[in-house]
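These are my notebook entries on one protein chain. I set down what I looked up, topic by topic.

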Amino acid sequence: EGAPVGLLAVAGDCDGLYVSDAISWQAIERAEGVLARTVTVDPTETAVVLDGPGGTLVLEPVDADTLDVWLSLPDGAVFVEETSWDGRAVDVEIVSDPWASGLFRGVFVSVNGQVVLRDLFATPDLTAIAVSPGVDEMRSDDGGVPVCRTLVERGADGDR
């Protein structure tokens, strides 16, 4: 709090790039595989989307137009919500951000662009979660942080 408006901060080794609005830190970029994972999966063929010591993400068809979304964390916390579904493959994004502040911090899971699960206090280690067989992980060549990489190359300090 209290950082000047527009101040940029680099977290870790470009794990995230944030901007201050004087009250909170808002993410501009999050490193793929570190703070965000995006996958495409057909829930009728693969229920367990991500699994490992960092947690487990499961999509379970309830009926022809509803999916249950389960996120189990190592501390025993389990989050479950339903979302509408058209019976086809879905794009799933899980974000786990310990550095953003206010309502931008924590873990959230989106299905086809709509936030389904959210917790402001949990920040599971996404690097400790593997993509299940049959699930396609989307990755870009720049790791999701092109602006951050450019700033660091120009001499920005990566410690926050």
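This is a predicted model: local features need pLDDT of at least 70, side-chain atom pairs count only at pLDDT 80 or more; totals for chains, interfaces and linings use all residues.

**Entry 1**

I began with the strand order. Three strands form an open sheet, arranged E1-E2-E3, and their pairing is antiparallel. I then asked which strands stand at the edges. They are strand E1 (8–11) and strand E3 (25–30); each has a single partner strand, so one side of each is left without a neighbour in the sheet. On average, neighbouring strands of this sheet are turned by 30° against each other, direction ignored.

I next looked at one pairing in detail. E1 and strand E2 (residues 16–20) run antiparallel and are joined by four bridges.

Helix H1 (residues 146–153) lies across E1, E2 and E3, and H1 runs at about 85° to E2.

**Entry 2: the disulfide**

I searched for cysteine sulfur atoms within 2.5 Å of each other, the cut-off for a disulfide. The count comes to one disulfide. It is formed by Cys14 and Cys148, whose sulfur atoms are 2.3 Å apart. The pair links distant parts of the chain: Cys14 is in the loop between E1 and E2, whereas Cys148 is in helix H1, 134 residues apart.

I then asked why this disulfide is described as left-handed. The torsion about the S-S bond of Cys14 and Cys148 is about -95°, so the disulfide is left-handed.

**Entry 3: two hairpins**

Strand E5 (residues 48–52) runs antiparallel to strand E6 (residues 55–63), with four bridges joining them. Asp51 has Thr56 in E6 as its bridge partner. A hairpin through two residues connects E5 to E6.

E6 also pairs with strand E7 (residues 66–72), in the antiparallel sense and over seven bridges. Here Glu60 stands opposite Asp68 in E7. E6 and E7 form a hairpin, with two residues between them.

**Entry 4: the largest pocket**

I asked how much space lies in the largest pocket. The value is about 150 Å³. Its lining includes Arg30, Glu32, Arg37, Glu93, Met138 and Gly144. The elements that give two or more residues to this lining are strand E4 (36–41) and strand E9 (90–97). E4 supplies the largest share, three residues.

Finally, I sorted the lining by class. There are six charged, three nonpolar and two polar residues.

Terms used: Residues are numbered from 1 along each chain as its sequence is written. Side-chain values use heavy atoms; hydrogens and water are left out. On a 1 Å grid over the protein atoms alone, a cavity is a set of points where a 1.4 Å probe fits but cannot get out, and a pocket is an open set with protein on both sides within 12 Å along at least five of seven lines; lining residues have an atom within 4 Å of a point. Grid points are joined across faces, edges and corners, and a volume is the space filled by probe spheres set on the points. Ala, Val, Leu, Ile, Met, Phe, Trp, Tyr, Cys and Pro count as nonpolar, Asp, Glu, Lys and Arg as charged, and the others, Gly among them, as polar. Two strands pair if DSSP finds at least two bridges between them. Axes are lines fitted to C-alpha atoms, for helices over the stretch in contact, and angles run from 0 to 180 degrees between N-to-C directions. Contact means heavy atoms within 4.5 Å.
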